[in-house]
Structures are given as structure tokens and as C-alpha cells.
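Here's a quick tour of one protein structure.

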Amino acid sequence: MSAKPFDPRALRTDFPALGRVFSDGRRLVYLDNAATTQKPRAVLEATRRYYEESAGNVHRAVHRLAAEATGLYEEARQKIATFIGAPSPKTVVFTHGATEGINIVAHGWARKFLQPGDAVLVTAMEHHSNFIPWQQAAQARGAKLLLAPVLDDGTLDREAFRKLLTPEVKLVALTHASNVLGTINPAAELIREAHAAGACVLLDAAQSAPHLPLDVTALDVDFLVFSGHKLLGPTGIGVLFAKPELLDAMDPLLTGGEMISRVWDDHATWAEPPQKFEAGTPHIAGAIGLGAAVDYLAGIGHAALRQHEQQLTDYALEKLGALPGLKIFGRAPERLGVVSFAVEGLHPHDIAQFCDRDGIAIRAGHMCAQPLLRRLGVPAVSRASFHLYNDTDDVDALAESLLGARKYFHAT
Ligand code: 7TS
């Protein structure tokens with residue numbers, strides 16, 4: 001059987017929001033996928049079906065709806081485990097997103113095990129979500145937070161990273177891909193180096209999981225987090241993977257119902273992971289929707305997705321890079337379809353607003369990466385980011401709009 005040719009235009013019809021035409025007659029050109037993606041019908045239908053047919057709570061009642069809900073929720077966990085190559089669904093904790101996953105580890109592992117004088121090593125290209133929790137945990141424990149620098153081309157300074165990996169470093173918290181530069185970090189090599197130096201590794205896969213195949217077993221990564229909403233799935237659901245012995249050793253961030261084993265008047269014991277980390281009623285519909293999103297991506301295939309996104313990114317770098325006064329931040333050879341830029345004489349927010357007038361959604365701002373933007377020497381950037389449903393027409397529309405913005409702002 002031959003593989004279907006990759007056709008972003010045809011795929012677009014799976015995403016109701018992408019058919020949107022605004023009241024001014026503009027059609028939506030959606031280029032803010034690093035912030036959140038649109039959702040295919042399969043995801044919307046899976047969540048709707050849960051609410052319409054199987055809306056029971058999980059892991060508690062014996063009635064049919066509760067049993068169905070529990071079955072669907074745990075089936076989704078199994079799908080995610082397969083998607084990331086986890087050894088068991090028990091190593092997959094549902095969270096409300098990447099941010100919560102990182103906070104669970106910062107609270108339950110770092111604050112428990114870091115000693116004064118220890119260090120956490122991050123990179124200078126982290127999103128605040130993979131920065132602030134470590135800054136806070138390090139401060140609370142009298143530990144240090146170290147930053148591995150980024151080179152001018154937007155890649156990690158490997159030499160400096162190696163030098164910073166001293167025996168004091170107990171954890172390396174690393175983004176798999178930058179939400180500003182698009183840089184894909186060589187996760188497998190960095191994890192190997194960190195382990196050789198005696199440190200655990202948390203991989204922030206918020207940007208990579210939606211685009212690249214992940215295999216936590218092959219990577220031998222200790223912790224990995226991502227969010228559903230950037231991966232064609234619902235908002236409010238995400239995943240924390242951790243090695244079983246780490247989940248056993250960690251303290252839960254949230255306590256309460258469903259995460260206990262036994263409760264006495266003066267103490268309690270915890271349920272086995274992953275329940276230990278899922279206090280209260282979880283986002284059941286979100287987990288089911290994320291399971292459907294993972295199925296949808298598997299149906300597309302990672303190889304086809306990657307090839308399409310690489311071609312589109314090359315096209316965008318060339319087309320946008322040729323525009324007068326436009327500067328692109330980050331030229332890493334291994335990169336995602338994330339293109340951050342500045343246009344001489346224009347404020348990033350004005351650019352985004354002008355693009356929006358043309359129906360084009362891009363993001364502007366500090367991208368929740370202020371330590372990186374400080375190093376880039378700018379307070380804000382504009383950013384276009386792609387997913388499977390984008391094509392060269394979208395890039396052409398953006399380029400046209402950017403030319404229009406230059407004319408408009410220079411003329412007034
Ligand atoms: N890590 C990275 C690398 C990210 O890009 C983001 C969100 C997060 C963590 C946090 O994810 P959340 O789902 O928990 O919020 N990045 C972006 C962005 O680039 N634009 O909006 C959100």
C-alpha cells in the first residue's frame with residue numbers, strides 16, 4: 001500500500017476553525033501554533049462523545065458511566081504511553097499542561113532532594129515555565145541555578161554546557177526545542193552527558209512533542225513534560241512522564257481525594273503512581289481528547305509531518321529573510337517551524353496587529369523567554385509558527401502583510 005501524499009489543504013478540512021471567514025471577509029491564516037494549535041474533528045468528537053454518552057467520574061463508582069469513563073481515561077493513558085515510548089502507562093501522569101508537570105517535579109523532587117550547594121542547570125533558551133520553578137526551588141534549598149549560554153546561531157553552547165556540568169549539578173532542565181529560536185537541542189547526546197556527570201534530566205517537550213517522534217526509553221530521560229493543546233488536543237490537559245523509581249520517591253504537589261491509599265486521623269499513605277499525582281477529579285474529557293489527538297498524529301505519520309514542516313520552514317526562512325529590514329532570530333540547522341523576527345523601524349506588536357487586520361494570526365511579545373530575549377538584545381519579537389495544516393500560501397500571505405505593514409507605518 002502506498003502512503004497518501006501529504007496535502008495540508010486537504011488536512012485543513014479536518015479542522016473546523018480553519019474554515020473560519022471573519023466578518024470583514026478575511027479568511028483565517030493561523031500561524032500561532034507554538035502558542036496553541038487548532039483541533040481536528042476527531043478530537044472534538046471524542047470529547048463531545050464523553051460528555052454526551054459517558055460522563056461519569058473515574059476510579060470510584062461501579063455504575064456503567066463511571067466504568068466507561070474510567071475505561072476511556074485509562075485507554076487514553078495507554079495511547080500516550082505508546083506515543084512517547086514509555087515502559088508502562090503507570091509512568092504517565094495526566095497534568096493540566098507542561099507548566100504543571102514541571103512544577104510537580106520542582107516541588108516533589110527538587111525541593112525534597114536538593115541540598116544547599118547543589119545546582120540545577122538550565123539553558124538560556126528556556127520558556128519561563130522551565131525556568132521559574134527551578135529558580136524558586138533552588139532559592140528555597142540554597143542551591144544554585146546555572147544557565148548554559150546560546151551561541152549566535154541560536155544553538156546551545158555545547159562546550160559551556162559541558163563545563164557547567166560539575167558534580168554539584170543534580171538536575172538538567174532542558175527544552176527539547178526553543179519556542180523562540182526553533183532550535184532543536186540534541187536531547188539524546190545532552191542526556192548522555194548529563195547522566196555521565198551524575199545529573200537527572202527533565203526534558204521540556206512542549207514544543208517538540210507536537211512535531212517530532214519521542215521515545216523516553218531510547219532517550220533514557222528521567223522526566224518529560226508536554227501540553228495537549230499544542231499537539232492538536234484540548235486545553236487543560238498535559239503529561240508528565242517520569243521513571244518509576246522517581247515517581248515512587250517524589251512527593252505529590254496536590255493532595256486530597258483519589259491520590260491516597262489509607263487515611264487515618266493524623267496521617268495518610270499515598271496511592272501508587274500515577275494516581276498519587278492526580279488528586280481530585282481530573283480533566284477526563286481532556287485526556288480522552290488528547291488520546292484522539294495522538295491517534296490523529298499517528299495517522300499522519302511523523303516522517304511525513306517532519307518533511308512537510310521542514311520544507312515549509314525552509315521556504316519561510318528564505319521568503320521572509322529576503323524582505324527588506326527583516327531580521328530572523330536563530331539559524332540553527334536542526335529546527336522546528338518556529339520563525340521569530342524583527343522588522344526594522346516597526347514594533348513587534350504593531351506588526352502582529354497589522355497582520356491580524358489581514359486575518360493572519362502571529363504572536364508578538366517576549367514569548368515568556370525574557371532571559372533569552374535579553375541575550376538577543378530585544379524586548380520583544382514577532383513569531384510565526386507552523387503545523388501540519390499550513391502551507392506556502394500562508395507564508396506568502398504573511399510576507400505580503402509584512403510588506404504592507406512597512407508601507408503603512410512608514411507612510412503615516
Ligand atoms: N515550555 C515551552 C518550551 C513552551 O513553549 C511553553 C509554552 C511551555 C513550556 C508552557 O506550556 P503550557 O501549555 O503549560 O503553557 N509556550 C508558549 C508560546 O511559545 N506561546 O504561548 C505559549
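Is the crossing of H4 and H5 left-handed or right-handed? It's right-handed. Keep in mind that this is a predicted model. Here's the rundown, by topic.

**The helix pair**
- Two packed helices are described by the angle between their axes and the distance between the axes.
- For helix H4 (residues 98-113) and helix H5 (residues 132-141), the axes come within 9 Å and cross at roughly 15 degrees.
- Angles under 35 degrees count as roughly parallel, so H4 is roughly parallel to H5.
- On the H4 side, the contact uses Ile102, Asn103, Val105, Ala106, Ala110 and Arg111, and these meet Pro133, Trp134, Gln136, Ala137, Ala140 and Arg141 of H5.
- Sort the residues of that contact by type and you get 8 nonpolar, 2 polar and 2 charged.

**Asn130**
- Look for Asn130 in the loop between strand E3 (119-123) and H5.
- Asn130 has a relative accessible area of 0%, so it counts as buried.
- Its side chain makes a polar contact with the side chain of Glu126, at 2.8 Å.
- Leaving aside neighbours within four places in sequence, Asn130 is in contact with several residues, including Ile102, Val122, Leu174 and Asp204.

**Ala279**
- Ala279 sits in the loop between strand E10 (268-270) and helix H10 (284-300).
- With a relative accessibility of 21%, Ala279 is partly exposed.
- Not counting residues up to four places away in sequence, Ala279 touches Leu254, Thr255, Gly256, Gly257 and Met259.
- Asn185 is 94 residues from Ala279 along the chain, and their C-alpha atoms are separated by 33 Å.

Definitions and conventions. Residues numbered from 1 in each chain as written. Predicted model: local features only at pLDDT ≥ 70, side-chain atom pairs only at ≥ 80, totals over all residues. Heavy atoms only, no water. Axes fitted to C-alpha atoms, helices over the stretch in contact; angles between N-to-C directions. Helix = DSSP H or I, 4+ residues; strand = E, 2+ residues; numbered from the N terminus. Parallel < 35°, antiparallel > 145°, perpendicular 65-115°, else oblique. Left-handed = near helix turned anticlockwise from the far one by under 90°. Contact = heavy atoms within 4.5 Å. Nonpolar A, V, L, I, M, F, W, Y, C, P; charged D, E, K, R; others polar. Buried < 20%, exposed > 50% of the residue type's maximum accessible area, 1.4 Å probe, protein only. Polar contact = N/O pair within 3.5 Å; in protein donor to acceptor, adjacent residues only side chain to side chain.
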